[in-house]
Amino acid sequence: IVISGDDEFFIRKNSIELGRLCSISSQADVYWPPHKRVRISAPFLFRETDFEQNKQPSINDLPGECIFEIFKRLPSGRERSLCACVSKRWLRLLSSIRKGEYGSSKVVKENIDSVSYAIETISSNENGGYLTRCLEGKKATDVRLAAVAVGTSGRGGLGKLSIRGSNSSCGVTNFGLSSIARGCPSLKSLSLWNVPHVGDVGLYEIAKECHLLEKLDLCQCPAVSSKGLIAIAENCLNLTALSIESCPKIGNESLQAVGKLCPKLQSISMKDCPLVGDHGVSSLFSLASSVLSKVKLEGLKISDFSLSVIGYYGKSVTNLMLSGLRNVSEKGFWVMGNAQGLQKLVSLMITSCRGLTDVSLEAMGKGGANLKQMCLRSCRFVSDDGLLAFSKSQGYLECLQLEECNKVTQSGIIGFLSNCGLKSLALVKCMGIRDISLDTPLSSPCKSLKSLSVKNCPGFGTASLAMVGNLCPQLQHVDLSGLYGITDAGLLPLLESCREGLAKVNLSGCLNLTDEIVLALTRLHGGTLELLNLDGCRRITDASLVAVADNCVFLSDLDVSRCAISDSGVAALSHAEQLNLQVVSFSGCLGVSNKSMPFLKQLGKTLVGLNLQHCNSISARTVELLVESLWRCDILF
């Protein structure tokens, strides 16, 4: 805006500047005759010097050191959080202040419910009495970590932090982790997954500031080396749990430091770390005062030596998991068992270890006489002889799971049940089991077995079911999912022999079963049945739902996905007054249509979960009405 007054001359030699004020492109001087003062609108134009003269002083003009000192004197967390909202610069300055550097030595306790934080809202929950925060994917950035550090400093500090990052360039770096270290010295649990830009510098800061750290989980952290983990071991003496996976720069020297400097370590998990070998693993058990109770070793380049050390010095070990140890031979497992040091071992899981044979399994049975749970997966050299020899030394084993152990046959399973008081038996993809009738008479019944799970074992058929029914009369949980060969006639003897009453039955994928077996099941066990899964039993119709509605009293979970169910079956369920269903799945039932809406509303009075996925005869509008009506129920569509 240009103001012109009486007897004023406005002279310009610069045609460019003049052209911006008025549409005159001439180079000549301009005379403005006397006239009344007017306001002439023109494009906004100020020279830099004019703007600087009118500029007001700002706190941002102060050096960072001065603002840093001001922030150190803020009285409470609320003020610090509000200041952090102003700019990223202020947020970075606030996040660089250690909690102990604030002017007030006592943390101001505030009423969190009455304070509205302008900074990023921290959706935390109480976990062990401290704040928990989890950042995943694109939300895992340095700015968010700085905000978390500042926002939680006035609320007692962060106790548990989980970062599930990504390979993006804007992911978490050492700066963000350093902000957490300075602002949250009370951190007790730290989990870093897939954070390639975090290295030893970030762990240095955590080790320097967070001396209360108890749990550390590192997964796919390629920039973290043994130096960072050694710093943690030297400064975080309260460390009780350590998990390291796919960290190629972490080696033996870091585990040696952990074994020497962390006397409270109770749990260790190592997976796919190529630099970890016998010296690192053995150092974790070498101390006589070791309290290490949970050990997981997977995909490591260790040999028989490590297993020998565990067998001799793992006197506190209660849970042991060994997987993919290609360099461990039969001798390693044999020595570990005969060393007699695993007397407290309660749970044993061995997967894909070629060194586990019948001989070494027998030795493991003698060395771990107090075992309660054992799981063998892909142990191709274990046969019936090994199972029988193992069972003879087991007086406390309760749960046995065999998966892809193809040398184990029906004879081995029967012998094992005869020798051990098992409560739970699970067989998964064991191709060695054949549906044959045994010539030898069955042993005395195994009255202790309560749960039987046979999944995807195609050789398990009618004869095997009859054998189980005679041998295990006290079954309460039966899972036969994936046994597409069994029929109504083959399953009926098992149902009739279960005297205690079945509570959970899973028959998903049993394609040949019909309504007749459901009628028998509800008639025999309707008074005790709590869960029934018939997913994929395509010959099941509305008659089965009528039987369920008439006979079942305590049923709370029903799955009839991909069955020949129609609106009539849904109506029958809704009219059963004694039913108290909580979870129902009609997924893939093409016969269920919009006509079922009133019946679903009636069922929904007790439901907390309803699956209507792939029910193509139900419209989206019907689902919307159900969602509005059944606000307590989680509906999948």
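A residue counts as buried when its relative accessible area is under 20%. By that cut-off, 49% of the 637 residues of this protein are buried. The model is predicted. Its secondary structure comes to 23 helices and 23 strands. Of the contacts with a separation of 6 or more, 80% join residues 24 or more positions apart.

**Helix H14**

- Helix H14 covers residues 358-367.
- Its buried residues are Ser360, Leu361, Ala363, Met364, Gly365 and Gly367.
- Those buried residues pack against two helices, H13 (330-338) and H15.
- They also pack against two strands, E12 (347-351) and E13 (373-377).
- An α-helix has 3.6 residues a turn, so residues three or four places apart point the same way.

**The aromatic pair**

- The structure holds one aromatic pair.
- Phenylalanine 390 and phenylalanine 416 form the pair, with ring centres 6.4 Å apart.
- Their planes stand at 15 degrees, so the pair is stacked; the cut-off for stacking is under 30 degrees.
- Phenylalanine 390 belongs to helix H15 (residues 384-391), and phenylalanine 416 to helix H16 (residues 410-419).
- The pair therefore ties together parts that are 26 residues apart in sequence.
- Phenylalanine 390 has 0% relative accessibility and so counts as buried.
- Phenylalanine 416 is buried too, with a relative accessible area of 2%.

**A charge over a ring**

- Arginine 164 lies over the face of tryptophan 193.
- The distance to the ring centre is 3.8 Å.

**The second largest pocket**

- This pocket holds about 300 Å³ of space.
- Its lining has 21 residues.
- Closest to the pocket centre are Ala241, Leu242, Ser243, Ser267 and Ser269.
- By class, the lining has nine nonpolar, seven polar and five charged residues.

**Cavities**

- The structure holds four cavities of 30 Å³ or more.
- The largest cavity has a volume of about 90 Å³.
- Eleven residues line the largest cavity, and Gly259, Cys262, Leu284, Leu287 and Ser290 are the closest to its centre.
- The lining of the largest cavity has eight nonpolar residues, three polar and no charged.
- The second largest cavity holds about 80 Å³ of space.
- Of the 13 residues lining the second largest cavity, Ile413, Leu427, Phe460, Met467 and Val468 lie closest to its centre.
- Helix H16, strand E15 (424-428) and helix H17 (462-471) each give two or more residues to the lining of the second largest cavity.
- H16 gives the largest share of that lining, three residues.
- The lining of the second largest cavity divides into eleven nonpolar and two polar residues, with no charged ones.

Notes. Residues numbered from 1 in each chain as written. Predicted model: local features only at pLDDT ≥ 70, side-chain atom pairs only at ≥ 80, totals over all residues. Heavy atoms only, no water. Phe/Tyr/Trp six-rings, centres within 6.5 Å; stacked < 30°, edge-to-face > 60°. Helix = DSSP H or I, 4+ residues; strand = E, 2+ residues; numbered from the N terminus. Buried < 20%, exposed > 50% of the residue type's maximum accessible area, 1.4 Å probe, protein only. Lys NZ or Arg CZ within 6 Å of the ring centre and 35° of its normal. 1 Å grid on protein atoms, 1.4 Å probe; cavity = no way out; pocket = protein on both sides within 12 Å on 5 of 7 lines; lining within 4 Å. Points joined across faces, edges and corners; volume = space filled by probe spheres on them. Nonpolar A, V, L, I, M, F, W, Y, C, P; charged D, E, K, R; others polar. Contact = heavy atoms within 4.5 Å.
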